[in-house]
Amino acid sequence: MLSNALTVVGGVVDTVLDRTVAPGYSKVGLAVRRHLPGWPPDPAPGALQGRAVAVTGPTSGLGTATAEGVAALGGDVHLVVRDEEKGRQLAADLSGRHPGVEVRVWRCDVGDLDDVRRFARELVGSGVRLDALVHNAGSMPPVRTLSPQGHELTMAVHVLGPVVMTDELLPALRPGARVVLVTSGGMYSQALPVDDPQYLRGDYAPATAYARSKRAQVELLPVLQERWGRHGVSVHATHPGWADTPGVQTSLPTFRRLTGPVLRDAEGGADTTIWLLAVRPTPEPGGLWHDRRRRPTSLVRRTRPTEEQRRRFWEWTVEAARLEEVRPRR
């Protein structure tokens with residue numbers, strides 16, 4: 001009885017931390033939650049042994065912490081990078097500290113859909129099989145920037161590239177594989193940009209573009225789960241809270257100056273992603289996670305899309321990414 005009561009109290013404290021944003025997203029929130037009743041246990045040593053995980057954008061910040069976390073749990077790591085030299089340096093570092101783990105580097109620009117398809121063909125053709133794919137690569141250009149295919153870059157890197165990559169890598173994903181989209185708590189401030197996915201209207205604001213594309217990631221979760229679930233794949237999203245990453249340092253210096261003392265380190269920001277890759281059994285798919293709990297995707301009505309709006313945005317995604325139907329695994 002007492003244990004149940006404490007768990008209920010822990011859940012209430014957790015929810016309060018989450019809804020008040022600043023306490024819950026900071027390193028304080030993570031530290032408090034770790035001591036609350038009901039906090040899920042850490043993955044067991046070797047929890048990812050024998051499993052292979054691909055991570056995009058792994059050479060800094062959350063991506064490096066994710067790759068390190070996978071390797072520390074015994075998982076083989078496939079580093080999907082734009083800069084091969086940085087990738088090789090990270091691979092050497094991971095291999096040196098985790099000698100029993102295989103680390104492999106693949107070149108890919110996630111914002112270039114042609115390059116994404118080339119990379120996927122190369123990986124599938126190599127015979128590599130993956131147990132998880134973490135879409136961590138991010139972009140926040142200071143001015144509106146176009147991808148090689150002419151799409152607004154944040155939407156290309158955060159939505160179109162990951163969707164195309166997962167589609168093309170389905171033959172390499174083992175049954176039961178997990179796909180994780182690393183999103184951002186900033187998406188809570190934005191509605192799904194159904195009528196302007198390319199940010200053609202109004203004055204361009206980097207943080208707004210970033211948050212809009214992250215909102216799109218989250219709102220497409222049900223659609224993507226239906227699409228890839230037929231192939232035996234589960235889809236999840238995680239948001240790291242407020243983490244002190246190179247992206248924040250470069251793109252949000254004022255925010256960092258104001259919140260610096262309470263920002264999480266990269267390891268704290270990547271905690272739930274690593275936990276989600278390792279926990280057994282597979283958590284319920286199609287949801288957004290933060291600090292090892294499933295979270296609501298909208299906190300206010302104005303950011304909650306209708307099914308019609310979600311359908312229209314998916315139709316834009318299909319057209320922009322030139323997607324084809326994927327057939328269930330036989």
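Buried, in what follows, means under 20% relative accessible area, with exposed over 50% and partly exposed in between, using a 1.4 Å probe and protein chains only. Helices (H or I, at least four residues) and strands (E, at least two) are DSSP runs, numbered from the N terminus.

This is a predicted model, in which local features need pLDDT of at least 70 and side-chain atom pairs count only at pLDDT 80 or more, while totals for chains, interfaces and linings use all residues. Residues are numbered from 1 along each chain as its sequence is written, and side-chain values use heavy atoms, with hydrogens and water left out.

I start with helix 4. Helix 4 covers residues 61-72 and spans 17 Å from its first C-alpha to its last, close to the expected 16 Å; the expected span is 1.5 Å times one less than the number of residues. Nine of its 12 residues are buried, so that helix 4 is mostly covered. Those buried residues are Gly 61, Leu 62, Gly 63, Ala 65, Thr 66, Ala 67, Gly 69, Val 70 and Ala 71. Just after helix 4, Gly 74 has a positive phi of about 90 degrees.

Next, the cores. By nonpolar core I mean a set of buried Ala, Val, Leu, Ile, Met, Phe, Trp, Tyr and Cys residues joined through side-chain atoms within 4.5 Å. The largest such core has 51 residues, and the members that touch the most others are Phe 119, Leu 123, Leu 130, Met 165, Leu 169, Leu 224 and Trp 228. Helix 7, residues 153-169, gives this core its largest share, seven residues. A second, separate core holds 31 residues, among them Leu 48, Val 53, Ala 71 and Ala 266.

What does Trp 228 touch, not counting residues up to four places away in sequence? With contact meaning heavy atoms within 4.5 Å, the list is Pro 162, Val 163, Thr 166, Asp 167, Leu 170, Val 179, Val 233 and Val 235.

Now the packing of helix 7 and helix 8. Their axes, which are lines fitted to C-alpha atoms over the stretch in contact, with angles running from 0 to 180 degrees between N-to-C directions, are 9 Å apart at an angle of about 25 degrees. Angles under 35 degrees count as roughly parallel, over 145 as roughly antiparallel, 65 to 115 as roughly perpendicular and the rest as oblique; helix 7 and helix 8 are therefore roughly parallel. On the helix 7 side, Thr 154, Met 155, His 158 and Val 159 take part, and they meet residues of helix 8 including Ala 209, Tyr 210 and Arg 212.

Gln 190 sits in the loop between strand 5 (173-182) and helix 8 (206-219). Leaving out residues up to four places away in sequence, Gln 190 touches Thr 208, Ala 211, Arg 212, Arg 215 and Thr 303.

Last, some backbone details. The peptide bond from Arg 280 to Pro 281 is cis, with omega near -5 degrees, and Pro 281 lies in the loop between helix 12 (266-278) and strand 7 (288-290).

Two residues other than glycine have positive phi: Arg 292, near 65 degrees, and Arg 322, near 55 degrees. Arg 292 is in the loop between strand 7 and strand 8 (293-295), and Arg 322 is in the segment after helix 13 (307-321). Are they buried or partly exposed? Arg 292 counts as buried because its relative accessibility is 4%, whereas Arg 322, at 45%, counts as partly exposed.
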